[in-house]
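Open the model in a viewer and keep the selection panel at hand.

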Amino acid sequence: MNEPDEALKDLLRRAAPGPADRELKRDLWPEMRRRLERPPVQIPWEDWALAATLLLCLLLFPETIPAVLYLL
Amino acid sequence: MIGIVEADLERFTRGDIQAFEALFREYQGEVYGWIIRIVHDSGAAEDLTIETFWRIYRARARFDACRSFGAWARRIATNLALEHLSRHRPEKPLDSVFPIGVPGSGMPDAAIAADVRAKVLAAFDALPAKLRVTVRLAMIEERPYAEIADALGISTNGVKSRVFRAIRLLRKNLEKRGVRP
């Protein structure tokens, strides 16, 4: 870094220094544990069937794509 | 790092929850400390720390126990912090994020005129998230380029190039606002 860049760096450091407190104040493990124990999101089979039907319709009748996009 | 040995890392890659807990407890502070440097928000840093370890746990099978766990965690944390910065432009007034203080206290230097400070912060905030993170780590935090490169998943020359581009943009923006550093 040359001298003018050092001046810019100094200005940046004076205007926006890093946070003074970087210590973690509490143990995050209990929250992590809850996250691990949360059951994975399950998508019901009806939703898959609906998505497949819509995809099939779009493949068979591509002229409906603008209408579907308009409705979205 | 104390307490963590290669055998623990191997147990973690096989999905051993106790080994993961040991790793979490050992590295949570380090990961949080790295993230808060980038996002400047303790609440967001805590959430992102949890998210980092969640992704680490899900990707455990891909981790090579011979490599540094800390460096791997830092890279995942950096990507998440970058995503966070790209999604959330600061909504709080800049003065509440960087309140005026005394030099050396982690607070902005009170000797800088408020308007100059506001212009510098606005120019810094106008940078794309990737450049903002690189500038923060390289110019403000003064982290080694090799460490930044590792965390961002780019080469050291890539870091130099980003710093160069950021300096050029910052100068241009500051000159437009009448500030010549």
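Select both chains and show their contacts: 22 residues of chain A are in contact with 34 residues of chain B, where contact means that the C-beta atoms of two residues, placed from the backbone, lie within 7 Å. This is a predicted model, in which local features need pLDDT of at least 70 and side-chain atom pairs count only at pLDDT 80 or more, while totals for chains, interfaces and linings use all residues. Residues are numbered from 1 along each chain as its sequence is written, and chains are lettered from A and ligands numbered from 1 in the order in which they are written.

On the chain A side, pick α1 (3-15) and α2 (29-37), each of which supplies at least two residues to the side that touches chain B. Helices here are DSSP runs of H or I with at least four residues, numbered from the N terminus. α1(A) gives the most, nine residues. Coloured by class, this side of chain A shows 14 nonpolar, one polar and seven charged residues. Ala, Val, Leu, Ile, Met, Phe, Trp, Tyr, Cys and Pro count as nonpolar, Asp, Glu, Lys and Arg as charged, and the others, Gly among them, as polar.

Next, select α3 of chain B, residues 42-58. Its 17 residues should span 24 Å at 1.5 Å a residue, and the end C-alpha atoms are 24 Å apart, which agrees; the expected span is 1.5 Å times one less than the number of residues. Show B:Ala45, B:Leu48, B:Thr49, B:Thr52, B:Phe53 and B:Ile56, the buried residues of α3(B). Buried means 20 or more other C-beta atoms within 10 Å of a residue's own, exposed 12 or fewer, with C-beta atoms placed from the backbone. Look down the axis of α3(B): the buried residues fall within an arc of 140°, so they line one face. The arc is that of the directions from the helix axis to the C-beta atoms. What covers these residues includes α2 of chain A together with α2 and α4 of chain B. On the other side of α3(B), B:Gly43 and B:Arg58 are exposed.

Now move to α9 of chain B, residues 156-176, which reaches 30 Å from its first C-alpha to its last. The buried residues of α9(B) include B:Val159, B:Arg162 and B:Leu174. Turned away from the buried side are exposed residues, among them B:Phe164 and B:Lys172. Just after α9(B), stop at B:Gly178, which takes a positive phi of about 85°.
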